[in-house]
Amino acid sequence: MIKNIIFDIGGVLVDWNPHIRFDSYFAGDTDKEEFFLKEICGREINVWMDKGMDPIDAMHKRIEMYPEWEAEITDYIQNWRLQIRGEIPGMDEYLSELKSQGFRLFGLTNWCAKTFDVVRKEFEPVKKLEGIVVSAEVGLLKPYPEIYLKLLETYGLKAEECVFVDDHAENTVGSEAVGIKGITFTSKKQLETDLKQITQNHV
C-alpha cells in the first residue's frame with residue numbers, strides 16, 4: 001500500500017530553470033546562451049554545489065577556469081533567485097489534497113544548502129513537506145542509491161510504501177533501483193493520472 005509520496009523540488013514543486021534568467025540576459029543569442037548553460041555553468045558547477053561546495057567558492061573556481069566569462073558566471077551565482085519563476089502551477093493545492101487523503105509528503109532534492117534555505121522559507125508547496133533530504137546537507141546525490149536509502153532511514157519509511165516524483169527520468173530509475181516506485185513528472189495533470197493508477201494498484 002502506498003502511504004508516502006516523495007517529491008523532487010526543482011521542476012516539480014518550484015519552477016527553476018536557468019533559461020528563465022538567461023533568455024533575457026543573452027538577448028536572443030541562443031547559441032551563446034546554450035554554450036554558457038552547458039559548458040560554463042552547467043552540470044559540473046551544479047554538482048559541486050549540490051555536493052556541498054559554497055556557491056561563492058564554486059563561482060571563484062569557475063572564474064579561474066573561464067576568466068572571459070566572469071560577468072556571466074558571477075550573475076549565475078549571485079542572481080540565482082532570478083532563475084526561479086515561482087511555484088509550479090497547481091502543485092500547492094494538489095499537495096494539500098494529497099495530505100487530506102492521508103498521504104505523508106516528503107522531499108528529495110539535489111540542491112545547494114545555502115540557496116535551498118531560501119526555497120524552504122519562500123515556497124508554500126515546500127513548506128507542506130513533512131521532511132526533506134537535501135543533497136548538499138548529506139553529501140549524497142541522485143540518482144545514486146545512497147541518497148534514497150538515506151531518506152528512507154531518516155524518516156523510517158519502507159520503500160514499497162513510497163512513490164518518488166522527479167522531472168528527470170534518471171532519478172526515477174534511481175529510486176526504482178532501491179524499490180521505490182518512480183513517476184517522471186511532466187505536468188500536474190499527468191502526475192494526478194499516474195499517481196492515481198499507482199495507488200489503486202498498490203492497495
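In this predicted model, M91, Y94 and L98 of helix α6 touch K188, L191, E192 and L195 of helix α12. By class, that contact has five nonpolar residues, two charged ones and no polar ones. An α-helix has 3.6 residues a turn, so residues three or four places apart point the same way.

Now the geometry. Helix α6 covers residues 91-100 and α12 covers residues 188-201. Their axes lie 11 Å apart and meet at an angle of about 20°. Angles under 35 degrees count as roughly parallel, and α6 and α12 are therefore roughly parallel to each other. The crossing of α6 past α12 is right-handed.

M91 also has a place in the core. The largest nonpolar core holds 48 residues, and M91 is among those with the most contacts inside it, along with F7, F36 and V119. Helix α6 gives the most to this core, with four residues. Which residues does M91 contact, leaving aside neighbours within four places in sequence? They are F7, V12, L13, F185, K188 and L191. In soluble globular proteins, nonpolar side chains tend to be buried together.

Helix α3 (residues 43-50) has its own buried set: I45, N46, W48, M49 and D50. What covers them? The cover includes helices α2 (30-40), α4 (55-65), α5 (70-78) and α9 (135-138).

Most residues other than glycine have a negative phi, and most peptide bonds are trans.

| Site | Backbone angle | Location |
|---|---|---|
| G52 | phi about 125° | just after α3 |
| K142 to P143 | omega near 10° | P143 in the loop between α9 and α10 (145-155) |

Is A27 buried or exposed? Exposed means over 50% relative accessible area, and A27 has 68% relative accessibility, so A27 counts as exposed. G52 also takes a positive phi. The peptide bond from K142 to P143 is cis.

Technical notes: Residues numbered from 1 in each chain as written. Predicted model: local features only at pLDDT ≥ 70, side-chain atom pairs only at ≥ 80, totals over all residues. Heavy atoms only, no water. Axes fitted to C-alpha atoms, helices over the stretch in contact; angles between N-to-C directions. Helix = DSSP H or I, 4+ residues; strand = E, 2+ residues; numbered from the N terminus. Parallel < 35°, antiparallel > 145°, perpendicular 65-115°, else oblique. Left-handed = near helix turned anticlockwise from the far one by under 90°. Contact = heavy atoms within 4.5 Å. Nonpolar A, V, L, I, M, F, W, Y, C, P; charged D, E, K, R; others polar. Core = buried A, V, L, I, M, F, W, Y, C linked by side-chain atoms within 4.5 Å. Buried < 20%, exposed > 50% of the residue type's maximum accessible area, 1.4 Å probe, protein only.
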